[in-house]
Amino acid sequence: MTYQEWFREDRLPHIYCTGCGNGTVINCTLMAVDEMGWKKEDTAFISGIGCSSRAPGYIVTDSLHTTHGRALAFATGVKLGNPDLHVVVFTGDGDLAAIGGNHFIHACRRNIDLTVVCMNNQIYGMTGGQGSPTTPMGALSTTTPYGSAEPAFDLCELAMAAGANYVSRWTSYHVKELTRAVLTGMQTPGLSFIEALVQCPTNYGRRNKFKQVLDQVEFMRSHTVLIQKLKRMEEQGEKFPDPVIPVGEFVRRNRPALGVKV
Amino acid sequence: MTRTDFMQGNTACAEGALAAGCRFFGGYPITPSTEVAEHMARKLPKAGGVFIQMEDEIASMASIIGASWAGKRSMTATSGPGFSLMMENIGYAVMTETPCVVVNIQRGGPSTGQPTMSGQGDMMQCRFGSHGDYSVIALAPASVQEMFDLTAKAFNLSDRFRTPAFLMADEIIGHMREKLVIPDTVPMQGRKPLQQGVLPFHPDEDLVPGFPQFGKGYGVHVTGLTHDERGYPCATSPALHEELVKRLVNKIESHRDEIADYDVVNPDAETVFISYGVPARSVQQVLHDQKNPDVGHLRLKLVWPFPDSALRIFKNAKTFLVPELNLGQIAREVQRHTKNEVVMLPKLGGALHSPAELTTVLEGYL
Ligand SMILES: Cc1ncc(C[n+]2csc(CCOP(=O)(O)OP(=O)(O)O)c2C)c(N)n1
Ligand SMILES: [Mg+2]
């Protein structure tokens with residue numbers, strides 16, 4: 001079986017814009033699922049509302065496309081209702097960290113056995129480009145026309161502090177690493193959080209000096225540094241990209257977890 | 001074996017749920033409903049079920065919908081402020097045709113209002129509180145026995161019609177202690193599973209589609225967006241939206257008489273009390289004291305869908321007296337269905353109408 005068989009072909013064409021990074025993340029996730037050897041009938045995809053949250057609709061398994069911000073609360077019910085199911089959550093930065101922020105920290109605290117993949121485009125894509133909790137300071141959006149004045153959330157630090165067993169960040173540029181991270185997350189009992197930074201040419205790039213799709217992908221390539229390496233560079237006073245995006249595995253641990261199949 | 005017990009309404013509600021096979025409870029503490037959650041927390045793990053205290057009522061509602069798709073009979077319990085928070089996901093349950101039971105032990109509102117006092121101010125919120133057009137099923141217990149019986153029944157109605165079912169109780173019934181007869185088994189009517197080869201949202205003749213439980217290989221896509229019979233989003237077709245919403249409404253409204261549940265006393269009376277929930281207790285006392293065949297009582301055990309045909313049982317009725325612990329929410333519904341005089345007997349603040357109070361009103365109409 002290949003990961004392509006997991007796509008619900010009669011749903012095509014999909015809603016994503018040309019150049020959107022979400023498709024890459026869906027591919028990586030399905031490649032990880034394929035490597036896990038999960039069966040379709042034992043797997044459920046759950047999401048909230050947003051472009052990113054449309055992903056489950058393109059996958060052939062049982063899927064629950066819920067309300068804005070609440071995917072993790074629905075997923076908690078599905079997983080505890082039937083721990084035999086493998087439950088994967090697709091979410092966006094607004095869905096997860098704004099309206100769903102409380103559910104995010106509590107799902108991490110409970111360390112419930114879910115794989116959570118956040119497509120962080122640093123913007124509200126679906127509603128046309130408003131600022132989100134991960135919009136960088138200074139960035140332009142339709143609701144931050146003079147540049148965002150607010151500091152942004154670091155989703156991985158948040159997940160780690162709240163107690164998730166596995167946390168990592170990659171980008172849509174890092175296809176291999178992202179796939180491996182999702183796979184490792186799926187193998188780790190408890191809550192696994194994988195943040196995937198994605199380009200959003202339509203609603204982020206266009207307003208923020210990324211004229212071409214590849215400009216934003218190139219930014220993600222050249223401004224990411226492996227966390228461990230970044231720490232070393234900081235200690236040794238070496239120069240690193242500004243702004244810098246730490247990527248890699250933030251934590252992998254074995255806190256007590258909820259809903260793990262026995 | 002049938003056993004007799006003496007217990008609090010909220011505990012009886014939890015026992016009714018357990019007897020009906022409820023195996024998932026997601027909730028958040030709020031007075032005067034908390035005892036339901038506490039009893040479920042004690043009992044569910046021993047019954048092989050799951051109790052989880054969620055981070056708020058939005059999450060509670062979400063969790064019971066998720067558990068329902070995973071195949072569990074699921075329930076939450078709350079009161080006014082929590083009920084308000086549940087509204088968006090209640091609409092989601094309606095749109096996705098998810099069976100689940102929501103218990104509202106009503107208190108005085110608006111806002112934080114009177115946490116420890118009784119009220120019936122959420123009857124219209126229950127009917128119309130989430131956005132968009134839809135219908136619901138709502139029961140109204142008037143005794144500890146009915147906290148048990150009607151909770152169990154709510155699960156059957158919810159599964160039968162694939163819609164959230166509400167137990168609209170109140171603080172007095174929730175906290176009152178009375179005799180309870182616990183039957184050996186309760187009637188069970190489960191979900192009909194989706195037949196192979198049938199589209200997941202294709203309704204049967206009764207307008208209700210079969211249930212494609214997660215994990216059974218159906219590969220169903222469930223969305224709160226307007227969807228076609230495959231379950232796929234299709235949110236811009238006026239015809240499809242109209243057809244879907246009308247079906248969601250009609251699958252309940254066209255079964256009004258099947259769903260209806262009420263008691264009738266003195267059907268030939270000219271003056272008739274209509275009550276639901278706790279005010280029924282005062283009305284029963286009045287009828288008991290009066291012993292007058294010209295005073296009738298229609299006691300609704302189920303308020304939504306409104307059982308309008310029950311009004312026509314009272315062929316000689318001239319006046320309907322409607323005591324309720326709000327400013328006339330169901331009295332207005334009665335008005336919509338009759339040309340008879342409808343007298344609102346509203347009461348706020350937490351106390352019941354006393355039998356003496358109702359008798360004085362009644363005497364003005366005899
Ligand atoms: C309760 C509620 N508030 C607001 C909205 C409108 N809305 C839809 S998607 C969205 C933002 C989505 O942003 P994000 O989660 O980052 O997803 P993206 O589209 O960027 O992938 C908002 C605000 C909604 N659907 N529900
Ligand atoms: Mg976004």
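In the predicted model, strands β5 (residues 100–108) and β6 (residues 114–118) of chain B run antiparallel and are joined by two bridges. Gly108(B) has Gln114(B) as its bridge partner in β6(B). Five residues lie between the strands of this hairpin. Among the residues of the hairpin, Ser111(B) takes a positive phi near 55 degrees.

Chain B also holds an open sheet of five strands. The strand order is β11-β13-β12-β15-β16, and the pairing is mixed. β11 (262–265) and β16 (341–346) of chain B stand at the edges. Each has a single partner strand, so one side of each is left without a neighbour in the sheet. From one strand to the next, the twist averages 20 degrees. Helix α11 (residues 329–337) of chain B lies across β12 (271–276), β15 (319–324) and β16 of the chain. Its direction is at about 155 degrees to β15(B).

The two chains touch. In total, 35 residues of chain B are in contact with 29 residues of chain A. On the chain B side, the elements that give two or more residues are β2 (22–27), β3 (50–53), α3, α4 (80–96) and β10 (221–223). The largest share, nine residues, comes from α3(B). By residue class, this side of chain B divides into 19 nonpolar, eleven polar and five charged residues.

Strand pairing also links the chains. Strand β2 (residues 62–65) of chain A pairs with β10(B) in the parallel sense, over three bridges. Here the bridge partner of Ser63(A) is His221(B).

Helix α4 (residues 101–110) of chain A packs against elements of both chains. The buried residues of α4(A) are His103(A), Phe104(A), Ala107(A), Cys108(A) and Arg110(A). They lie on the same side of α4(A), because they cover an arc of only 165 degrees around the axis. An α-helix has 3.6 residues a turn, so residues three or four places apart point the same way. In chain A, the buried residues of α4(A) pack against α2 (71–81), α3 (93–97), α5 (155–162) and β6 (192–197). In chain B, they pack against α3 (57–69). α4(A) is followed by Asn111(A), whose phi is positive, near 55 degrees.

Definitions and conventions. Residues numbered from 1 in each chain as written. Chains lettered and ligands numbered in written order. Predicted model: local features only at pLDDT ≥ 70, side-chain atom pairs only at ≥ 80, totals over all residues. Buried ≥ 20, exposed ≤ 12 C-beta atoms within 10 Å, placed from the backbone. Helix = DSSP H or I, 4+ residues; strand = E, 2+ residues; numbered from the N terminus. Arc of directions from axis to C-beta. Contact = placed C-beta atoms within 7 Å. Nonpolar A, V, L, I, M, F, W, Y, C, P; charged D, E, K, R; others polar. Pairing = 2+ DSSP bridges. Axes fitted to C-alpha atoms, helices over the stretch in contact; angles between N-to-C directions.
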